[in-house]
Amino acid sequence: MWLHHFESCKQDCISVNAHSSTSVGQLLGLVEFKLKEAISKEPTLLVMVVGVPNVGKSVLINSIHRIATSRFQVQDKNKRATVGPLPGVTQDIAGYKIASQPSIYVLDTPGVLVPSIPDMETGLKLALTGAVKDSVVGEERIAKYLLSLLNIRKTPLHWERLLHRREELDEESCNSNGKNYSDTPRRRRRLNNSDTLYVQDMVMEVQRTLCSTFMDFTGNTEDEGELERLIDAQLVDLRKVFRIPHKPFDETHGPASKKLLTLFRSGKLGPFILDDLPDDQ
């Protein structure tokens, strides 16, 4: 629907997964098509990648570089863009040669934002994606905003199948050896021997926890006070999932918020679009 919206506005648009060679290859095809006329006139061409901080510009450039080196004979020493999980890693404009005959350079630029953020929700969305440093807004506040979006959109209901799956696994384990599935030595060995399995298991537990707390909640999520009560309950339960020890007189949720944001930003919880389509769509 977003692609259709931009096309209706007469704007070129393509959805890109910077980690997919096929996806990035489609982007290069669009760039070559747009530069077709210029290629015959100019010996050197520049392509600039511009966007808000931490949106993945450097990751995209590195993917373009890998594909370009397989397509063209690049004579100069190859460069790579520095990437990182925080905004501000790219601090100057750098050029990376991706093709010869004609020479094509891609420019990696520092992230840019509008001079002033128009409203609080826009600021929270930027903070949630990592475009603004967490210290500016606060990790707990950002995590609460994320949970409010998930609850208002009823996203936890999409994970209801995981509740039934856990019940099936627990029942199978009890029938086989009388022990809880998650407590079996075999399960612990698998988790200890593979970080991937550990993360997958944690993600499923987070999704199950958010689903169960949402389904058990009897209040109205459209009421701001009741929604906040649900979010607090979810953060308390997530502390147990993340195995964060409880400290007396500590009612903050900083560590749990940080872990939840890490899972969201790495895409482990699934793909999300934070903005709604314009009203005229």
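This is a predicted model: local features need pLDDT of at least 70, side-chain atom pairs count only at pLDDT 80 or more; totals for chains, interfaces and linings use all residues.
Accessible areas here come from the Shrake-Rupley method with a 1.4 Å probe, and for residues only the protein chains shown count as cover. On that basis, the accessible surface of the protein comes to about 17,900 Å², and carbon and sulfur atoms hold 52% of that area.

Residues are numbered from 1 along each chain as its sequence is written, and side-chain values use heavy atoms, with hydrogens and water left out.

Now to confidence, where pLDDT is the predictor's confidence in each residue, from 0 to 100. The protein averages 80, and 78% of the residues score at least 70. Confidence is highest in helix α7, residues 139–152, at a mean of 96, and lowest in helix α9, residues 185–193, at 43. Over residues 181–193 the pLDDT is below 50, and this stretch has 14 contacts in the model beyond near neighbours in sequence, a contact being heavy atoms within 4.5 Å.

As for the fold, the protein has 12 helices and three strands, taken as DSSP runs (helices H or I, at least four residues; strands E, at least two) and numbered from the N terminus. Among contacts with a separation of 6 or more, 58% join residues 24 or more positions apart.

Of the 281 residues, 37% are buried, where buried means under 20% relative accessible area, exposed over 50%, and partly exposed in between (1.4 Å probe, protein chains only). Cys 211 counts as buried, at 0% relative accessibility, while Cys 9 counts as partly exposed, at 40%.
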